[in-house]
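Please look at the sequence and the structure before reading on.

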Amino acid sequence: METLWEYRYAYRMKSMKSSVIRELLKLTQKPEIISFAGGLPAPKIFPVKEFQEAAYRALENNAEKALQYGTTEGYLPLREMIAERSARYGLKINASNVAITSGSQQALDLIGRLFINRGDKIIVENPTYLGALQAWNAYGADYIPVPMDKEGMITSELEKALRKGAKFIYVLPNFQNPSGVTLSLQRRKELVELADRYGTPIVEDDPYGQIRFEGEHLPPVSVIDSEYREQEGSSYDSNVIYLSTFSKLLAPGIRIAWVIGAEGVIRKLVQAKQGADLHTSSFNQISVYEISQNNFLDKHVEVIRATYKVQRDAMLEAMDEFFPAEVKWTHPKGGMFLFVTLPKNLDATELFEKAIKKNVAYVPGVAFHALGGGKNTMRLNFSYPDSDTIREGIARLGNMLKEEIYVK
Ligand code: PMP
Ligand code: G9A
């Protein structure tokens with residue numbers, strides 16, 4: 001029966017759809033399905049024992065804080081720790097530049113609240129992270145997608161987009177979700193120069209930067225921006241808002257992430273967060289602080305890198321073996337995803353049902369294209385299934401694709 005709520009939804013609900021990833025998560029939780037769909041970290045390397053000990057310490061030594069309301073900015077020792085760790089990557093910040101959020105997803109939503117008026121244009125990579133589109137659709141964002149190649153966002157195309165006038169540029173420089181592509185150093189510099197020339201700030205979303213399997217670490221866009229504008233002294237007056245998260249470094253279930261920004265931006269973001277959830281779980285923040293002691297994060301990142309590298313290799317090898325020659329894919333140097341391009345006449349959304357019949361799932365690429373397109377693309381995740389499962393799933397997918405390309 002219809003309730004009285006039916007005709008009372010706010011305008012913003014018109015542009016809101018369910019996230020394909022969230023919907024697929026329900027479907028792919030069936031044990032018979034091999035899922036390359038969700039961006040789930042590998043549960044086999046969750047630091048369970050270390051979390052048990054950290055949670056114990058949080059309650060043993062710090063229960064008054066862990067179980068109490070906390071400040072909206074977040075637990076100060078955790079923010080200080082993040083500021084110190086960020087210095088390694090060249091970010092000159094202190095705790096006043098850091099706010100803790102309930103996942104980076106909340107940070108994306110708060111950024112929407114802070115900056116997006118209905119009809120504002122946001123420059124995004126094409127494809128881009130679906131969760132950002134979902135957050136910003138609610139605020140009535142319009143998008144200017146910029147095409148990518150093997151080096152990331154194509155900067156000559158970015159210039160065309162900037163001429164249209166945009167509120168900000170959203171960029172995922174490392175092992176991008178969904179493409180797995182990394183923005184090259186040269187392109188990072190060009191991005192910063194162009195953004196500066198057109199007076200357009202940047203949101204840098206970097207959940208995967210530390211999960212590199214090979215090659216040299218590249219400086220964050222925020223650091224290049226500070227250098228380019230010859231920022232002096234210790235205050236972070238950057239035009240870049242930088243996001244990262246413990247979801248991929250420790251575990252996503254704890255929902256702890258951070259935002260780095262100029263002090264003024266952090267103050268506004270904190271005001272918006274006050275209305276959203278007062279603050280992020282004190283207990284989880286203190287547990288994350290505790291688990292991070294004695295260099296644990298660095299040790300654990302090594303385990304993550306080693307595990308995902310093996311699984312990425314298993315996926316690439318299996319694709320070479322089982323995928324038809326007409327299909328192309330990216331070769332990520334880190335992160336959790338790669339992106340597949342099918343021949344133009346194939347539609348990955350239509351094929352999805354067939355894949356499910358073969359008990360294998362992926363995310364159809366259309367979902368990551370802000371203005372549509374990308375019908376013949378799909379995203380595959382390699383962090384969740386183990387290597388044997390990956391091989392089996394890729395074989396199933398390869399067979400399905402061969403049937404489509406050769407038999408029809
Ligand atoms: N940004 C990107 C690019 C992501 O891939 C994710 C997680 N898939 C998030 C933000 C959100 O992460 P969380 O909310 O778990 O911190
Ligand atoms: O489960 C989620 O919604 C987070 C993962 C995002 C992704 O698969 O990109």
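A residue is called buried when its relative accessible area is under 20%, exposed when that area is over 50%, and partly exposed in between, with a 1.4 Å probe and protein chains only. By this definition, 55% of the 408 residues in the protein chain are buried. The model is a predicted one, in which local features need pLDDT of at least 70 and side-chain atom pairs count only at pLDDT 80 or more, while totals for chains, interfaces and linings use all residues. Residues are numbered from 1 along each chain as its sequence is written, and side-chain values use heavy atoms, with hydrogens and water left out.

**The chain as a whole**

The protein chain contains 13 helices and 14 strands; these are DSSP runs, with at least four residues (H or I) for a helix and at least two (E) for a strand, numbered from the N terminus. Its radius of gyration, 21 Å, is close to the 22 Å given by the globule rule for 408 residues, so the chain is as compact as a globular protein of that length. The radius is taken over C-alpha atoms, and the rule is 2.2 Å times the number of residues to the power 0.38. The C-alpha trace spans about 65 × 60 × 50 Å along its principal axes.

A contact means heavy atoms within 4.5 Å. Of the contacts between residues at least 6 apart in sequence, 75% join residues at least 24 apart.

**Aromatic pairs**

The structure holds eight aromatic pairs. Rings of Phe, Tyr and Trp (its six-membered ring) pair if their centres lie within 6.5 Å; planes under 30 degrees apart count as stacked, over 60 as edge-to-face and the rest as tilted. Two edge-to-face pairs are set out below.

| Pair | Centre to centre | Angle between planes |
|---|---|---|
| Tyr-75 and Tyr-289 | 5.7 Å | 80° |
| Phe-352 and Tyr-362 | 5.4 Å | 85° |

Tyr-75 lies in the loop between α2 (48-66) and α3 (76-87) and Tyr-289 in helix α10 (residues 282-291), so their pair ties together parts that are 214 residues apart in sequence. Tyr-75 is buried, at a relative accessible area of 14%.

Phe-352 belongs to helix α12 (residues 348-357), and Tyr-362 to the loop between β12 (360-361) and β13 (363-364), 10 residues apart. Phe-352 is buried at 11% relative accessibility, and Tyr-362 is buried at 0%.

Elsewhere, ring pairs link Trp-136, Phe-168 and Tyr-170 into a cluster.

Key:
Chains are lettered from A and ligands numbered from 1 in the order in which they are written.
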